[in-house]
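Student: I have a structure open and want to learn how to read it. Can we go feature by feature?

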Amino acid sequence: MRYLSAVDDSISKTMGFFQKLKDRLGRTQNKLVHEIKRIVTRSPKLTADSAEELEAALLSADFGMTMTLRIIEATRKAYESKGKGEFDFVKVAADEVERALSSGDPSLLDQGDDLTVISMVGVNGTGKTTTCAKLANRLKLQGKTVGMAACDTFRAAAIDQLKVWSERLDVPLTMGDYGADPAAVAHDAVSSALSKNSDYLLIDTAGRLHTKHNLMQELQKVHRVMGKKLEGAPHETLLVLDATTGMNALNQAREFNKAVPLTGLVITKLDGTSKAGMVVAIQNELKIPVKFIGVGEQPDDLQPFVAREFAHAIFGLDE
Amino acid sequence: MFESLSGKLQGVFKDLRGLGKISESNVSESLREVRLALLDADVNFKVAKQFIANVREKAIGEKVIQSIHPGQQIIKIINDELVELLGSQNAELKLDAKPSSMMMVGLHGAGKTTSSGKLAKWLMKQGRKPLLVAADVYRPAAMDQLEALGKQMNIPTVVRRGEKDVLVIAREAKREAAERECDVLIFDTAGRLQIDEVLVQELVRLRDDIKPQEILLVLDAATGQEAVNVATHFDEALDISGAILTKLDGDARGGAALSLKSVTGKPIKFAGAGEKLEDFEPFHPERMATRILGMGDVVSLVEKAAENVDMDEARKLEEKMRKGVFTLDDFLDQLRQMKRLGPLESIVKMLPGGADMVGGADLSKHEKEFRRMEAMICAMTPEERNRPQILNAKRRQRIAKGSGVRVAELNNLMNRFGQMQKMMRKMGKMQKMMGKMGGKMASKMAGRMGAGFRMR
Ligand SMILES: Nc1nc2c(ncn2[C@@H]2O[C@H](COP(=O)(O)OP(=O)(O)OP(=O)(O)O)[C@@H](O)[C@H]2O)c(=O)[nH]1
Ligand SMILES: Nc1nc2c(ncn2[C@@H]2O[C@H](COP(=O)(O)OP(=O)(O)OP(=O)(O)O)[C@@H](O)[C@H]2O)c(=O)[nH]1
Ligand SMILES: [Mg+2]
Ligand SMILES: [Mg+2]
């Protein structure tokens with residue numbers, strides 16, 4: 001996608017790969033745009049039939065029904081007010097998406113000298129642990145002091161995984177035994193971060209399906225315990241979403257937000273071919289800002305989210 | 001899985017059922033809804049379109065419009081079509097070589113490593129001697145993860161930390177398999193994008209070296225529209241032999257299963273439904289189709305019940321239920337048998353419309369409640385259990401005290417028991433209509449729903 005071109009120089013060595021990727025994505029996006037244009041231009045009016053086809057085209061980019069209907073409605077309005085001559089469906093749709101994605105502040109909380117605790121939550125395998133590492137790396141490069149906590153004591157080798165990252169990035173890690181109470185680990189981590197005067201503490205939690213009540217309760221406990229130790233902690237709760245996920249992402253966001261109010265979203269695996277249209281539906285409904293996107297498995301494959309770039313990338317528009 | 005889709009289809013068919021006769025416009029209207037439901041369930045746009053076209057053709061060809069029970073007929077057509085799309089039979093694993101090799105491939109975080117462990121466990125249960133091979137040379141602690149799973153089951157794992165060449169690992173694995181006399185090797189590979197040619201080529205080299213009997217694409221049930229491209233690319237590059245669908249314990253609608261099957265034609269062989277190694281079973285397309293249509297995964301439930309429930313007892317209870325002579329003693333038996341079936345959540349989801357019932361319900365609260373129910377019934381005399389109508393205020397006080405609850409709670413239990421009996425009588429009638437073993441079991445399980453269970 002287009003925002004890939006904004007990756008910083010440190011990974012310019014992989015630029016060839018990204019360039020290829022961009023081209024390839026360009027092609028699939030153009031197909032989408034082409035499809036939409038074909039539908040729209042074929043008939044001068046947005047008829048029931050063409051609206052339905054349009055609907056399917058947008059759905060095929062994982063937009064979901066609500067957002068799809070909203071885009072179609074916006075298109076209809078634009079058509080009626082501007083007339084066919086000036087009508088650029090793609091632009092209208094992209095603007096609509098950008099607007100939907102612009103609610104909330106996408107920047108990460110910065111509390112100056114006070115410790116900021118950030119909890120990574122989400123369903124299994126979305127990229128929580130890797131995002132923890134990437135974010136630690138990013139904050140460290142910004143001159144912040146950072147700590148991490150291995151609060152996934154359940155999954156096989158989850159602690160080892162974060163330990164490898166902590167060694168690679170030289171970031172202190174608080175961990176317990178496998179099977180230990182994750183809330184206890186979180187508690188210790190906050191104590192340790194406070195005593196070290198750290199700027200940030202990143203909490204890696206276990207993957208859990210939002211449908212599992214007992215596991216959601218466990219997560220609430222982890223948060224509660226941290227809040228008791230330090231007022232307001234966790235200050236940020238980031239839901240890590242896999243871009244490959246379809247409509248279920250909305251359920252994930254809803255349920256996690258109910259259990260542990262979310263302050264932001266992280267969309268991972270955007271280096272793949274998925275367009276993550278469901279993010280639009282999520283933001284539209286829950287108004288939780290996307291804060292970062294993940295574009296690879298390396299520590300520097302994390303970028304701040306820019307709504308405009310994202311929206312234009314989805315529709316293959318040039319800046 | 002598939003909740004919303006089945007919910008929607010049920011909605012559509014409720015309308016259809018209500019009509020004595022349906023017109024062509026009824027069919028179209030219903031099919032449009034089915035199509036949108038499919039799209040909303042992450043079924044790929046083109047797959048959904050084809051599906052609808054097929055159903056429409058068949059519906060018209062069979063002159064559904066003039067039939068007596070048009071709704072049912074359409075349900076059958078849609079069901080058959082879904083079964084066909086999902087694969088008409090359960091595909092077995094190919095294990096004819098000595099030793100045989102399996103390769104797990106797929107996107108990042110899909111569940112390859114976990115499924116490797118699950119498959120090893122499953123094969124061990126079949127009397128095989130598996131060897132796990134850690135061939136993910138990229139992800140931090142990937143090898144430790146597989147090794148930890150192996151240790152849990154006492155299954156040996158080939159681990160060469162620091163080795164970056166999967167072919168070296170493959171060579172070591174073959175040697176170790178011979179040494180340990182293992183008859184099936186399971187290669188866990190690193191997650192990769194289907195468009196990452198360098199890494200896909202690594203898989204091709206590994207495949208050419210080990211010549212696996214099975215190459216299984218591990219696919220997350222929550223995958224969106226891209227499932228089609230993922231499946232196509234992996235299949236084109238590797239000629240996969242099948243797929244494993246994971247994370248079916250969530251509420252993802254799983255349209256990706258339909259997409260995958262229809263673009264590759266390769267069977268989905270296993271389903272993963274939990275993080276634990278035993279949460280794994282062969283995939284059954286018929287059941288999945290039934291489930292999509294909101295009929296509940298009745299067959300699975302029957303099998304599960306057969307494994308865990310004393311069938312004689314079950315038959316007796318069923319008989320009682322039908323005759324409406326279901327007592328509190330029977331209820332107590334139900335409570336106890338139910339516990340052996342597993343978590344309520346997973347059982348209820350297998351029932352017709354069960355997924356909707358579960359919704360966001362707090363099942364752990366119910367669990368506690370059910371335990372207290374057990375205590376209350378235990379505190380009753382045999383006669384009271386047989387004839388609850390004799391429970392006067394005095395008796396109720398005694399029972400409440402004996403089981404450490406308040407009288408109000410006991411009253412509540414008795415009310416619920418009354419409701420349950422009513423529901424069972426209704427189910428009894430329904431079951432006559434369905435007239436099938438599956439239907440019977442479903443009704444019985446529905447009756448049991450109010451009973452106890454064990455949390456994960
Ligand atoms: N291509 C790509 N892969 C990613 C990205 N983020 C994470 N991954 C990979 O996704 C896989 C899962 O990542 P994890 O960080 O272990 O995910 P998790 O959410 O912690 O998983 P659980 O703790 O098991 O629930 C790993 O193979 C990561 O390398 C990304 O932005 N792009
Ligand atoms: N709820 C649930 N979780 C699952 C299932 N299968 C796997 N998982 C979880 O999904 C996450 C990722 O699983 P892994 O086995 O590490 O996935 P992977 O494909 O090996 O990941 P990479 O090697 O990083 O590509 C882990 O948290 C697993 O416990 C399943 O059927 N249900
Ligand atoms: Mg993790
Ligand atoms: Mg793995």
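Student: Into which domains is chain A divided?

Tutor: This is a predicted model. Chain A is split into domain 1 (13-101) and domain 2 (116-306).

Student: How many residues does the contact take from each domain?

Tutor: Count residues with C-beta atoms within 7 Å of a partner. Here domain 1 of chain A gives 12 residues and domain 2 of chain A gives 15. On the domain 1 side, α1 (15-42), α3 (65-82) and α4 (89-101) of chain A each supply at least two residues. By class, that side of domain 1 has 8 nonpolar, 3 polar and 1 charged residues.

Student: And between chains? How many residues come from chain B and from chain A?

Tutor: The contact takes 35 residues from chain B and 35 from chain A. On the chain B side, α2 (24-40), α6 (142-153) and α17 (363-378) each supply at least two residues. The most come from α6(B), with 4 residues. This side of chain B divides into 14 nonpolar, 10 polar and 11 charged residues.

Student: Which residues is B:Val133 in contact with, beyond its neighbours within four places in sequence?

Tutor: They are B:Val158, B:Ile169, B:Ala173, B:Leu185, B:Ile186, B:Phe187 and B:Asp188.

Technical notes. Residues are numbered from 1 along each chain as its sequence is written. Chains are lettered from A and ligands numbered from 1 in the order in which they are written. This is a predicted model: local features need pLDDT of at least 70, side-chain atom pairs count only at pLDDT 80 or more; totals for chains, interfaces and linings use all residues. Domain bounds come from an automatic or database domain assignment. Two residues are in contact if their C-beta atoms, placed from the backbone, lie within 7 Å. Ala, Val, Leu, Ile, Met, Phe, Trp, Tyr, Cys and Pro count as nonpolar, Asp, Glu, Lys and Arg as charged, and the others, Gly among them, as polar.
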